[in-house]
Amino acid sequence: MAPPTVPLSLLSLFLFSISLSAALSSAPAAVSDPELVVQEVHRSIINATKRRNLGYLSCGTGNPIDDCWRCDSNWEKNRQRLADCGIGFGKNAIGGRDGKIYVVTDAGDDDPVNPKPGTLRYAVIQDEPLWIIFARDMVIRLKEELIMNSFKTIDGRGASVHIAGGPCITIQYVTNIIIHGLNIHDCKPGGNTDVRDSPRHFGFRTISDGDGVSIFGGSHVWVDHCSLSNCNDGLIDAIHGSTAITISNNYMTHHDKVMLLGHSDSYTQDKNMQVTIAFNHFGEGLVQRMPRCRHGYFHVVNNDYTHWEMYAIGGSAAPTINSQGNRFVAPNDRFSKEVTKYEDAPESEWKNWHWRSEGDLMLNGAFFTSSGAGASSSYARASSLGARPSSLVGTITTNAGALNCRKGSRC
Ligand SMILES: *[C@@H]1O[C@H](CO)[C@@H](O)[C@H](O)[C@H]1NC(C)=O
């Protein structure tokens, strides 16, 4: 007997809702053993370094994320393959990989409650997965925060896209977001008005902070190759139970409080927060919080810290900080040489937290104060893979920030 026929469109709608609900029910996003994710990141860096040294890829840089897609001169036809290039805790963020491409043609944001088709806001509020790209170079000055819906990628490759001069990006209680290749700067507070967050719903927003990217109760989020500077509050803040996040290949400059990961010592749900910070360049004009952590597990690997005024990495409420293969260049001020800052606890308490530095390169008098298991000499022996050499940091981070990709050639 022939199987009953089902109209194709209905079938695909049905299959789509299954995959969507499967993805949503895969929460909680935090993993039970973060060290396994750390080891996988190591293996991907070792693999990329080997491929480069063996000359398998003429364009191999040793950066495992970039080498996954930048060798493809047809990147523009294969944009959604980027979604499979992530590493670390945010690796499973698929963004709009399984959806349509949506082209933003209109830089305007006249009506945050009823956005016009063709605008960035219209694209990000949709319920279906979308891979959002830009028809041309544009400066988008948002009227209010851009409240994203789940399963979206904003992909700035091939155009120079600035989100600047108004409120910026908010990832609140949603999942599977990729932000790639944007220039995000001069972000200002917004709020005190209605803003749409899905086709069927808009709501009143209180005053926002003016972050570049604000992640609030979000999971499976990957921010890659963005240039961020000069915002009102944080450049990237993740709070309120956010987890499964990777922040990679970004270039951050001219800002005081760079990254806040966890907003309150008493918010213990942030024990699930797991964040990978890899291959970023923390550059000129930065002051502190690269990042400032609470409660969770933070893997800080192969970043280039060329400027800080107060400190680089800090935290309170007993976070675990695993710093590996970074390059720390201390400022000349002799009172600001310390990479780390332990906050809101006496030494008798913080000496039991787990902050460790492995294979970091310390320049101009920089020093890292370890604690807990990270301070014991047995730690180095116990970790089988060892840190990624900080000598790679220069090449790995050379192209941090938004790339200048042109169609028809390698990016
Ligand atoms: C590293 O390379 C090996 C051998 O090609 C492969 O099996 C493994 O999946 C790779 N691991 C990562 C994390 O890229």
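Here is a short exchange on how the features of this predicted model get their names.

Colleague: What makes β17 and β21 a pair of strands?

Modeller: Two strands pair if there are at least two bridges between them. Strand β17 (residues 251–253) and strand β21 (residues 281–282) have two bridges, in the parallel sense. They therefore pair under that cut-off. Tyr251 stands opposite His281 in β21.

Colleague: Which sheet holds these two strands?

Modeller: An open sheet of nine parallel strands. The order is β3-β6-β9-β14-β17-β21-β25-β28-β31.

Colleague: Why are β3 and β31 said to stand at the edges?

Modeller: Each has a single partner strand. So one side of β3 (138–140) and one side of β31 (361–363) are left without a neighbour in the sheet.

Colleague: What does the UniProt record list for residues 137–334?

Modeller: An unreviewed entry there gives "domain: Pectate lyase". In the model this span is 51% strand and 0% helix. Its end C-alpha atoms lie 44 Å apart.

Colleague: Now α2. How do you know what span to expect of this helix?

Modeller: Helix α2 (residues 34–53) has 20 residues. The expected span is 1.5 Å times one less than the number of residues.

Colleague: Which residues of α2 are called buried?

Modeller: The term needs 20 or more other C-beta atoms within 10 Å of the residue's own. Pro34, Val37, Val41, His42, Ser44, Ile45, Ala48 and Thr49 are buried, so each meets that cut-off.

Colleague: What puts them on the same side of α2?

Modeller: They cover an arc of only 160° around the axis, which places them on one side. In general, an α-helix has 3.6 residues a turn, so residues three or four places apart point the same way.

Colleague: Which residues are exposed on the other side of α2?

Modeller: Leu36, Arg43, Lys50 and Asn53.

Colleague: What do the buried residues of α2 pack against?

Modeller: Against α3 (64–69), β20 (274–278) and β24 (297–301). Just after α2, Gly55 takes a positive phi of about 70°.

Colleague: Where are the domain bounds?

Modeller: Domain 1 is 41–73, domain 2 is 87–248 and domain 3 is 265–404. The C-alpha centres of domain 1 and domain 2 lie 29 Å apart. Their contact takes four residues from each of the two. On the domain 1 side, α2 and α3 each supply at least two residues.

Technical notes:
Residues are numbered from 1 along each chain as its sequence is written. This is a predicted model: local features need pLDDT of at least 70, side-chain atom pairs count only at pLDDT 80 or more; totals for chains, interfaces and linings use all residues. Helices (H or I, at least four residues) and strands (E, at least two) are DSSP runs, numbered from the N terminus. A residue is buried if 20 or more other C-beta atoms lie within 10 Å of its own, exposed if 12 or fewer, and partly exposed in between; C-beta atoms are placed from the backbone. The arc is that of the directions from the helix axis to the C-beta atoms. Two residues are in contact if their C-beta atoms, placed from the backbone, lie within 7 Å. UniProt positions are given in the numbering used here, feature names are shortened, and annotations may be inferred rather than shown by experiment. Domain bounds come from an automatic or database domain assignment.
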